[in-house]
Amino acid sequence: MKKIAKTAVACLLGAVFALSGCGGTESGGANAVIRTANGADKILQSYDTSTMDGAAFKERFDKVLSDKFSIQTFRNEYESEQIIITPDKNVSSYKVSVGDFKSGANTLSASAFDVRHEYYHRVESIYDPESSMLPGMYPDALIPMQTAQEYGLNTIRAGENQGVYITVKVPKEQAAGTYTGTITVDLDGKAYTLEGTVEVLDYTLPDSVSLKSSVPTQIGYFMNGELNDTQEMYEVYGEALKEYRLGIQYLSSFYPSGSRTARECALYDAKLAVEAAQNISVPSYAIRVFEKSSPQFTDGYVLNEEYFLEYLKAYIDVGTENKVDLFKKAYVYMGNIIDEPDVGMFWDRANYVCRQFDSVLAQAVTYAQSKNAPQDMIESLQGLDNIVTGRYSSKLQDVQTYCPTIDVIGDSATVEDYRLLKESGKDYWWYTCTLPKIPYPTVHIDDNGISSRLMGWMAKEYGVSGYLTWESAYYMEYVNDVSVDLRGIDLYENVHRWPDAYGDGFFFYPGNVFGLGEPIPALRLFTVRDGMEDYEALNDLENRYAAMSAEAGVTLSADGVLNEIYGKLYSNVKTYCTSEDILAAKDSLARLLLLAEKGIAVSGFTLHTDGSMTAEIYSGNGVKVSLNGKELSFTGGKCEVSAQDGFVIEADGIRFDAQGAKVLGWAKTETSDVVVYDGELNPAEDAVQEEEGMTGAVIPANGRMDLSLSKIKVNKDTGSLLVEIYLDGTERVRASVALYGENRSRLLDSVYLHPGNNILRFDRVCDLDWSAMLEAESLIFVFENAQPFSLRTGAVGYTA
Amino acid sequence: MKKWISLILAASCAVSIFAAVGCEQKTEEKPQEYVSALPVISDFESLDEVYARMSFKNRFGKVSLNEDKKYVTSGDRSLRLEVHGDYVPNSTPTLMQVNFTGLERENIPYVDLSCLESVQMDLFNETGAEQTLELALVIDGVTTDYQKVTAKAGENKLLTAEYDVKGLSVGSDMTKAEALVIKFPKAETMEANANLFYLDNLRFTFLDAPPAPIEVVLDENEFCSFDKAYQKYVVQAGGVGPTEGCQPILSINTDLQYCKDYTGRSLKAVLPRGTAPINDGWPYFTFIDKLMDQFDFVSLTEQNADFVFDVYNEGGAYNFGLEAWSDINGLKSGYSFTAKNGWTEVRVSMQEFLGVTKNEQMLAANVTQIVISYGKFDAPDKAFYFDNFRFEFSGKNN
């Protein structure tokens, strides 16, 4: 690489060009700096560096630019990299093409690459108060390169950035290996070439889409963009969403009207569902529900039971006739009847509607039984999801599937509460609807693409069953509480369609504006899909561990080692990590999958406060495995291991490093490190004493415990903070946990302590606001306990 | 964006100027045939123009530019309209709207159609059968009655919808024309082919000069008898909420069987089957401002006149609302009445009707509209006949 860089620098007369040689003609073409960036990083068209914020913003994104075009990917997976072209003169016509990539005798065909021109859109205001992004021209619509050339979009102004989005999807039959090839950038006839690599891993991502999703797409908006509001175009949009592993809400665009009955519409939908139910790429679809007025409620509608039953009967009839369970992927989303009851506080009506749902479902089950429907279909029908947007509330007891915005599931205790709901037979999805805001994951144009990719990882970790948003093609603008028409090219020029959220409500731009018969995707869809693919890979890992468990008669879980990976990416659904962090996490996940392909599992991994790591390694196929260079011996395929200072598994040429998990420092807590207060914040006398080698404490009702961190270093460079606490008794206790230092506190998390030993782990401590705190002095636990209880604190430790 | 704005401005100015010229200067300076050929509403040459000025409503189907010369009569392109609709007969109609002045947001002035004679178009009807299109104008926010035109299968050169601008001027300020709406026939079923049309050379023709205005003349105590020729223009259909496709269809009835006392004429109001959502939206008809301006409602209220009219119903009893609206928030009144089978006389005292006040403002002094409204229904169309809207003085206070 050094040699290439040297040549390039010479060619470009001192420009900071660090990619391949500059071939082609020299006839009047611009000199250009050509760099690369990960597909998730938003590189603006230009930066206003006249302010300190602007300069810092530019610097932040300059840091992610690279001189390497390098992609690591599974087979059957999409991965993207951007080329950022910055010419020193106006470019009247540029184009980018990708040739075949080679690995020995194997060829990764140029046809596997998709090259798109990045269209820039003006973001005038940043509405997310915690966002560190700035106004400017953001890339979003990704126009096929050929189309951009045909419509003359392929120009670049001197000094501005032009992004080119290159996505590779490696065929399922492609041989693993590192492929190299050439990308050609032509600027007004002057050609530059970039050498690129694509590392194809020996693993094929499943076609299946396991995370359900609901993306409403209203046909009524289509005319403004596509000049086409036919069912055919609706299905094109459905297919387009499927390409990004998302499910359109309804399979058809028809509903009962005039003389067209509910039965007719339902039969039409059900027939479409036959194909969708059998297509593993379709994650989910909704069964329509309709509203009706009720004299019982003046604050809104209730469920039209008659229509709903007609729909269910039609699905039962068609499913039975075709021997396909049409309910397994189906769900009901009542956004048109009881949207966000927690916000509108119409608890009674929401519960009433949910009971209506249950009642109709019971009638449908009776009908299905009378029609001799298959038992598995009846069971799916009984379990039909009824999704209600809004968070769990004790006032919404009759809701079956809660769907809060992502930020609601924002701490460990809440995650645990929702998991318990699931165990009790209920379920939960999550959704985005202008909310949440940065630093929570968003699909906003002015958010870096990392957060939307992380949604897939988070959904897997937190057991979220589905993702819902409010619209994919809002070809309108919301002005003064009314949606007004926005048409044609204005849909590209105006992305401020919703008052406080750029990009919310649309994942597409109308292709018809550029002569295409399908919509043009937003960059955000690519990052969402990356996250959905990551979810699928995580899910596949889980499935493989489950299969190995079943085969060997043992219980294997990757949760522990995955926690190490999750902990490097985010904490409590807040996203501050970089694209580099995601690539590292993806690489670790890939290695776990490759090990699993060999029949090797890393189960029960635990990083202890004293820096030790324990796990159980499983090798079902007799493949030799080493830990930190030492070969392991297996009994019945299992080997319990313990390590300090590193955890590197190697087997059959595959090397897995548990994310460099390493405790940099730890200390045992002593009685002098612990102070307990009562609910009035008065020091509790004699509450702390040494017990069985640990520090015991009796916590008064609604008490507080301060745990000194003076023996370890917790600051802006800290990765994770580990705390060992043994809880006496039989009841779990909830606590808010914060770091304290220099008269300031920073909330870390809310957690439950469970009876027995707990290793509490707070990840990405570095993400907290350290601007006014050099080092944390103590950890504050504020408990929610009606009765006093006792606990014992063990060691505290921290990682990088 | 700039390019778009200038395009819209150019298009709109052209129409405005030509429309205005049509009335005031053309007879002196331009031969008639030249003027008539000028005001092209659209020649359908660019997609940009289609996006900027046209909208297609209610599951219209698929719209594109055609370059097949077989279906082009002017310029290089025409508009290809593949009309689908929702495949449900008698429900929401498929509408194409051509805004004369670009999008509303551009805040471009209205177009003066005071001299409008007709709207013409070249239409290729590729449905294989004769079809009926309906055209209406949007004048100052109000859609005029639809004019039906019949298109034979195949080419229809200069298909014409003539407008009685003299009559339209009674109820509408023709200098404030906004758009042309064309109702296309929708496909009958999803399985059937869509109705295919090619549209080109859409334009106005103009009269040499604006016609002399019709004066509103009333008999003593008359509000509206529908017996006078101009009175066919004094009612307008409308709706609160989603009422597209089910607003009343209003016409003058000359069949004496449906005229009170078998004399004169009456207003026929056909109430179409409601379109979805049935439980939302209230269609109505109202009387034009020019008629309302004839009355001193304060005086009538002080005299405690009765507001009276007759309604004929061939079917089962049906409920209407009689409402009075003002521009003051909350200052309005409403009564319900039942049109029983046969003739029903509806009578309300003006003191009750317009004597209401809010914040010391009396409705009679501020009333802008008298409205007859009803709820949507999911049943076949209903027809009612209204006659002899009048004031009666019972001798109570006068």
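**Entry 1: a sheet in chain A**

I began with strand E11 of chain A and found that three bridges join E11(A) to strand E20 (residues 466-468) of chain A, the two running parallel. Strands here are DSSP runs of at least two residues (E), helices are runs of at least four (H or I), and both are numbered from the N terminus. Two strands pair if DSSP finds at least two bridges between them. I noted that Lys212(A) has Gly466(A) as its bridge partner in E20(A).

I then recorded the whole sheet: it is open, has three strands in the order E11-E20-E19 (chain A), and its pairing is parallel. Strand E11 (212-214) and strand E19 (430-431) of chain A are the edge strands, each pairing on one side only.

**Entry 2: the model and its numbering**

I noted that this is a predicted model, in which local features need pLDDT of at least 70, side-chain atom pairs count only at pLDDT 80 or more, and totals for chains, interfaces and linings use all residues. Residues are numbered from 1 along each chain as its sequence is written, while chains are lettered from A and ligands numbered from 1 in the order in which they are written.

**Entry 3: two helices of chain A**

I looked up how helix H14 (residues 523-552) of chain A packs with helix H16 (residues 579-597) of chain A: the angle is about 30 degrees and the axes are 10 Å apart. Axes are lines fitted to C-alpha atoms, for helices over the stretch in contact, and angles run from 0 to 180 degrees between N-to-C directions. H14(A) and H16(A) are therefore roughly parallel to each other (angles under 35 degrees count as such).

I listed residues of the contact, among them Leu538(A), Leu541(A) and Arg544(A) of H14(A) and Leu589(A) and Leu593(A) of H16(A). Residues are in contact if their C-beta atoms, placed from the backbone, lie within 7 Å. By class, the contact of H14(A) with H16(A) has eight nonpolar, no polar and four charged residues. Ala, Val, Leu, Ile, Met, Phe, Trp, Tyr, Cys and Pro count as nonpolar, Asp, Glu, Lys and Arg as charged, and the others, Gly among them, as polar.

**Entry 4: where the chains touch**

I found 18 residues of chain A in contact with 26 residues of chain B. Strand E13 (291-294), strand E22 (482-485) and helix H13 (490-493) of chain A each supply at least two residues to the side of chain A that touches chain B. I classed that side of chain A as four nonpolar, seven polar and seven charged residues.

Definitions and conventions:
Parallel < 35°, antiparallel > 145°, perpendicular 65-115°, else oblique. Contact = placed C-beta atoms within 7 Å.
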